[in-house]
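Welcome! Please take a moment to look over the sequence and the 3D view, and then we can walk through some of the details together.

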Amino acid sequence: MASRQLDAGQTIPAKVNLKSLLTKLWPLDPEVSPDEIAEAISYFFTNRVSEAQTAALLMALHFTKMDLRADVLQRTAAVMLEAAEDIPVNELTAVLSKRGRKEGSYNGGLCDIVGTGGDAHNTFNVSTTASILASSLLMVSKHGNRASTSKSGSADMINSMKPRAPILSAVRPDSLVKIYTATNYSFLFAPVFHTGMRYVAPIRKELPFRTIFNNLGPLANPVDDVLEARVIGVGRRDLGPAFAEALKAAGCRKALIVCGEEELDEISCAGGTLCWMLTEKSTGGEVKLEHFTITPEDFGAKRHPLSDVSPGKEPAENAEILQRILCGQFPDDDPLIDFIAINTAALFVVSGICEADTSNMGHGDDGKVILERGHGGQRWREGYRRAKWAIKSGQAWKQWQAFVEVTNELGA
């Protein structure tokens, strides 16, 4: 396509006109394909669509509910990943092979736990805290951003950690290998890896509703090529099947999509949680999708009303709570600890590490593996046991400190 010449000798791509697609979307033409939508959105990342047509497409997808369809989510997440910064896959694979803890059916790959947000419950940063706890045993690549609807987004809280916060801008594609050589944990700050989103961000802020990008974020972890397992929380139950089908179509082999019955984008500590789980029938075999409901009792935990768990506060307050959790300063039976532990347990389960019939975690581990299986044939109680160990052992805090140290070294 033609491009305009800049004074400095650089070129910028000519704008792409989306009028034809927009006309078909409103009223909705059944012939509109996911590939048409994905192609249109791909132009956002190189600033080739006008602000008016960008806003119009986001609005059309929202009001036609096309942004909730599995095929649309899968194709648009794919183009978002194509536009992301390139990851050194071979080098990352090598360091993961060397450092990743291979146990049970966990192969030592990267894992993520993330929520879509927007559930209006304004809870504490559960998935971020769970990601750090999980790094005690797993290689974790937490994908996150600043707050869009809550008081404290994952990046906001992490940037407020004391006595020294990690330097998130130091976590880049070219520094990932060094980071994972030093620690099991990394936080991938979305704007660093999805640089093309800078053209869309101001438009999203002007719109009074959530857009397709709120759903694409959890599906577009930049290290997708080396991501072994993930837990994704969705804030509305009709997104569960769509996310599961989108991940399955994209080739994901280990995933758990969860939605608390209160329309909570976490595993609920108060009651039932709807689950859609992707697992391999056998190594390298067919991926199956199962739907079931779990409760805190499935983990061996007690129920706690959401009002009893710490509500989401400002970033500095949440950071202080996170530090106290990692340092083991909360009572073991605190409702917030149970809330975070069941979500951490879910990532342990999905990774496959709970499939080990023996336990050699060390650092206070009693070695008593809980072999009992629950819904989906999974060892939820063993995951919960390991989550509680992650706090008591201090191993999660150790990985966090190593992450802070290496990013400050890189940032300097």
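## A threonine and its backbone partner

Which backbone oxygen does the side chain of Thr129 reach? The side chain of Thr129 reaches the backbone oxygen of Asn125, at 2.9 Å. Please keep in mind throughout that this is a predicted model.

Thr129 sits in helix α6, which covers residues 126–134. Its relative accessibility is 0%, and because buried means under 20%, Thr129 counts as buried. Setting aside neighbours within four places in sequence, Thr129 is in contact with Phe124, Met157, Leu322, Ile325 and Ile340.

Leu322 belongs to helix α14, residues 315–326, and is buried, with a relative accessible area of 0%. Not counting residues up to four places away in sequence, Leu322 touches Phe124, Thr129, Ile132, Met157 and Met161.

How far apart in space are Leu322 and Ile158, C-alpha to C-alpha? They are 9.0 Å apart in space, while 164 residues separate them in sequence.

## The sheet

Next, look for the strands. Seven of them form an open sheet with mixed pairing, in the order β5-β4-β3-β6-β7-β8-β9. At the edges are β5 (185–189) and β9 (287–294), each of which pairs on one side only. From one strand to the next, the twist averages 15 degrees.

Within this sheet, β3 (residues 110–115) and β6 (residues 227–233) run parallel and are joined by six bridges.

## Helix α4 and its packing

Helix α4 spans residues 70–83, which makes 14 residues. From its first C-alpha to its last it reaches 20 Å, close to the 20 Å expected at 1.5 Å a residue.

Which residues of α4 are buried? They are Val72, Leu73, Gln74, Thr76, Ala77, Ala78, Val79 and Met80. These buried residues pack against α2 (34–42), α11 (212–219) and α12 (239–249). As background for reading such a list, an α-helix has 3.6 residues a turn, so residues three or four places apart point the same way.

## Aromatic pairs

The structure holds eight aromatic pairs. In one of them, the ring centres of Phe44 and Phe213 are 6.3 Å apart and the planes meet at 45 degrees, so this pair is tilted. Together with Phe45, they form one aromatic cluster.

For another pair, turn to Tyr185 and Phe403. Why is this pair edge-to-face? Its planes stand at 85 degrees, and over 60 degrees counts as edge-to-face; the ring centres are 5.3 Å apart. This pair too links distant parts of the chain, with Tyr185 in strand β5 and Phe403 in helix α17 (residues 395–411), 218 residues apart. Tyr185 counts as buried at 0% relative accessibility, and Phe403 counts as buried at 0% as well.

## Backbone details in the loops

Most residues other than glycine have a negative phi, and most peptide bonds are trans.

The peptide bond from Trp26 to Pro27 is cis, with omega near 0 degrees, and Pro27 lies in the loop between α1 (19–25) and α2. The bond from Lys162 to Pro163 is also cis, with omega near 0 degrees; Pro163 is in the loop between α7 (154–158) and α8 (176–182).

Asn47 has a positive phi, near 60 degrees, and its place is the loop between α2 and α3. Is Asn47 buried, partly exposed or exposed? At 35% relative accessibility, Asn47 counts as partly exposed. His363 has a positive phi too, near 50 degrees, in the loop between α15 (335–351) and α16 (380–392). With 52% relative accessibility, His363 counts as exposed.

Terms used:
Residues numbered from 1 in each chain as written. Predicted model: local features only at pLDDT ≥ 70, side-chain atom pairs only at ≥ 80, totals over all residues. Heavy atoms only, no water. Helix = DSSP H or I, 4+ residues; strand = E, 2+ residues; numbered from the N terminus. Buried < 20%, exposed > 50% of the residue type's maximum accessible area, 1.4 Å probe, protein only. Contact = heavy atoms within 4.5 Å. Pairing = 2+ DSSP bridges. Axes fitted to C-alpha atoms, helices over the stretch in contact; angles between N-to-C directions. Expected span 1.5 Å × (residues − 1). Phe/Tyr/Trp six-rings, centres within 6.5 Å; stacked < 30°, edge-to-face > 60°. Polar contact = N/O pair within 3.5 Å; in protein donor to acceptor, adjacent residues only side chain to side chain.
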